[in-house]
Amino acid sequence: MNFSQEPKHSDKLHELGAQPYNAEPDIAELVQHPYTPDELVYSRNHCPIRALDAATFSVKVDGRVRHERTFTLNDLKRDFRRKEVVAALQCAGNRRKTMQERNGKEVEGLLWGEGTIANCKWAGVSMRELLEQVGAPPAADERIRSLHLCFASHVVPCENDDWFGGSIPLEKALDEGEDVLLAYEMNDRPLSPDHGFPFRVVVPGYTGARWVKWVDQVTVADRESENFYQKKDYKVLPTKVQTHEMADKEDWWSKVPALQANPLNSAVASVKVVRPGRLQVKGYAVRGSTGQVSEVDVSIDEGKAWEPATIIYQEGRWSWTLWEAILDVPEVSNGRGGKVWCRAADMAGTTQQPDADWNLRGVAYDAVGERLLDVS
Ligand SMILES: Nc1nc2c(c(=O)[nH]1)N[C@H]1C(S)=C(S)[C@@H](COP(=O)(O)O)O[C@H]1N2
Ligand SMILES: [Mo]
């Protein structure tokens with residue numbers, strides 16, 4: 001494998017860590033674009049980023065398949081059609097800082113704001129077609145219900161494990177309508193090294209940790225991935241688990257299932273004075289496991305009264321939702337400030353709740369959005 005120097009990162013992102021590189025955009029800027037431009041896509045890494053050589057880098061598809069095979073980028077492009085999907089990528093740690101602030105209790109992990117989300121057009125190979133090619137059990141086979149599809153990247157050691165990996169139920173990968181991809185493009189361009197060049201996994205609706213970058217192995221397996229980031233991280237531990245020591249000692253990691261689908265969520269991204277006392281508020285919402293976002297409401301009285309925001313962008317099953325609302329708030333122009341809240345609901349009738357429980361790792365925070373009407 002050929003490594004070149006560390007790639008250059010976008011100067012539009014705020015860095016939370018340099019090594020490994022972790023950075024997120026300003027959300028007021030983020031919601032200006034339905035498709036997140038590459039330079040505003042957050043970067044989340046548990047390992048150093050390497051620029052790989054696409055001519056030699058390959059992914060092996062193995063496990064419970066009839067004939068395992070190895071593919072380079074050229075093989076994937078030659079042997080399969082190109083499938084596109086618009087989907088929001090989101091880190092489980094999105095809104096972690098908000099969880100810490102609202103619950104008044106420290107969480108463990110990088111204090112991400114609300115910008116670890118990106119809505120992109122992904123393109124690559126349908127995971128179902130790839131699996132069919134190597135003779136994985138077909139979707140109609142009852143046995144697939146208990147099988148998993150494991151993804152691994154052995155390119156470089158991570159913070160808590162020698163490699164990075166994660167898994168999803170095989171059933172999800174074999175369902176063409178779930179749109180799982182082995183992707184080689186983001187926004188109609190080859191993936192950048194930061195985002196997984198030459199290829200990464202795309203799992204619409206699931207937490208970012210399963211979207212394994214620089215993936216070099218895809219395995220049909222009886223068990224979920226053994227990787228640290230599947231088994232000992234990215235889990236919503238019960239609130240009573242207050243310390244990492246307790247989580248380890250009482251083995252909470254094996255009692256709690258891996259986080260897969262993202263929760264229904266929303267955030268207020270910007271507040272702009274249109275004229276004195278009249279504000280334009282913008283934000284995003286993102287679907288959870290029960291369906292696409294159908295409505296976003298805003299409130300200026302802590303959720304006693306809600307009024308509908310206007311949805312200005314949504315596309316297909318997996319995109320994020322952009323919304324805006326015009327609010328008449330005379331007090332604000334008199335210098336009294338205030339707050340605005342936002343709340344998303346989905347097609348199945350699921351609605352975001354006012355509060356969400358604290359969890360040790362600060363993952364999947366999904367209480368209603370909140371922002372100061374700070375217009376000074
Ligand atoms: N190989 C590898 N893949 C990875 C990670 C990683 O550290 N290494 N981070 C994961 C996590 S936690 C997230 S949220 C997404 C972030 O993708 P991005 O950096 O393209 O935004 O990639 C996932 N895939
Ligand atoms: Mo993540």
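Below is a short chat about a predicted model of one protein.

Biologist: What are the ground rules here?
Modeller: It is a predicted model: local features need pLDDT of at least 70, side-chain atom pairs count only at pLDDT 80 or more, and totals for chains, interfaces and linings use all residues. Residues are numbered from 1 along each chain as its sequence is written, chains are lettered from A and ligands numbered from 1 in the order in which they are written, and side-chain values use heavy atoms, with hydrogens and water left out.

Biologist: How many helices and strands in the protein?
Modeller: 9 helices and 20 strands. Both are DSSP runs numbered from the N terminus: helices are H or I with at least four residues, strands are E with at least two.

Biologist: What is the radius of gyration, against a compact globule?
Modeller: The protein has 21 Å, and a compact globule of 376 residues would be near 21 Å, so the two agree. The radius is taken over C-alpha atoms, and the globule rule is 2.2 Å times the number of residues to the power 0.38. Along the principal axes, the C-alpha atoms fill a box of roughly 70 × 45 × 45 Å.

Biologist: And how much of it is buried?
Modeller: 57% of the 376 residues. Buried means under 20% relative accessible area, exposed over 50%, and partly exposed in between, with a 1.4 Å probe and protein chains only.

Biologist: Which strands make up the open sheet of 4?
Modeller: The order is β16-β15-β19-β20, with antiparallel pairing. Because β16 (307–308) and β20 (369–372) are at the edges with a single partner strand each, one side of each is left without a neighbour in the sheet. Two strands pair if DSSP finds at least two bridges between them.

Biologist: What about β19, buried or exposed?
Modeller: 6 of the 8 residues of β19 are buried, so the rest of the structure largely encloses β19. Strand β15 (residues 293–299) is joined to β19 by 6 bridges. There, Val 296 has Ala 344 as its bridge partner. On to β20: β19 (residues 339–346) pairs with β20 over 4 bridges. Val 340 is partnered with Arg 371, and Trp 341 stands opposite Glu 370.

Biologist: Where are the cis peptide bonds?
Modeller: One joins Gln 19 and Pro 20, with omega about 0 degrees. Pro 20 sits in the loop between β1 (14–18) and β2 (21–24). Another joins Phe 197 and Pro 198, with omega about 5 degrees.

Biologist: What does Phe 197 touch?
Modeller: Contacts beyond four places in sequence include Leu 52, Ala 54, Pro 190 and Trp 214. Contact means heavy atoms within 4.5 Å. Phe 197 and Trp 214 are 17 residues apart in sequence and 6.1 Å apart C-alpha to C-alpha. Phe 197 lies in the loop between β10 (189–190) and β11 (200–202). At 19% relative accessibility, Phe 197 counts as buried.

Biologist: Which residues have positive phi without being glycine?
Modeller: Asn 187 is one, with phi near 55 degrees. Its loop runs between β9 (181–186) and β10, and Asn 187 is buried at 14% relative accessibility. Ala 364 is another, with phi of about 60 degrees. Ala 364 is in the loop between β19 and β20, and is buried at 17%.
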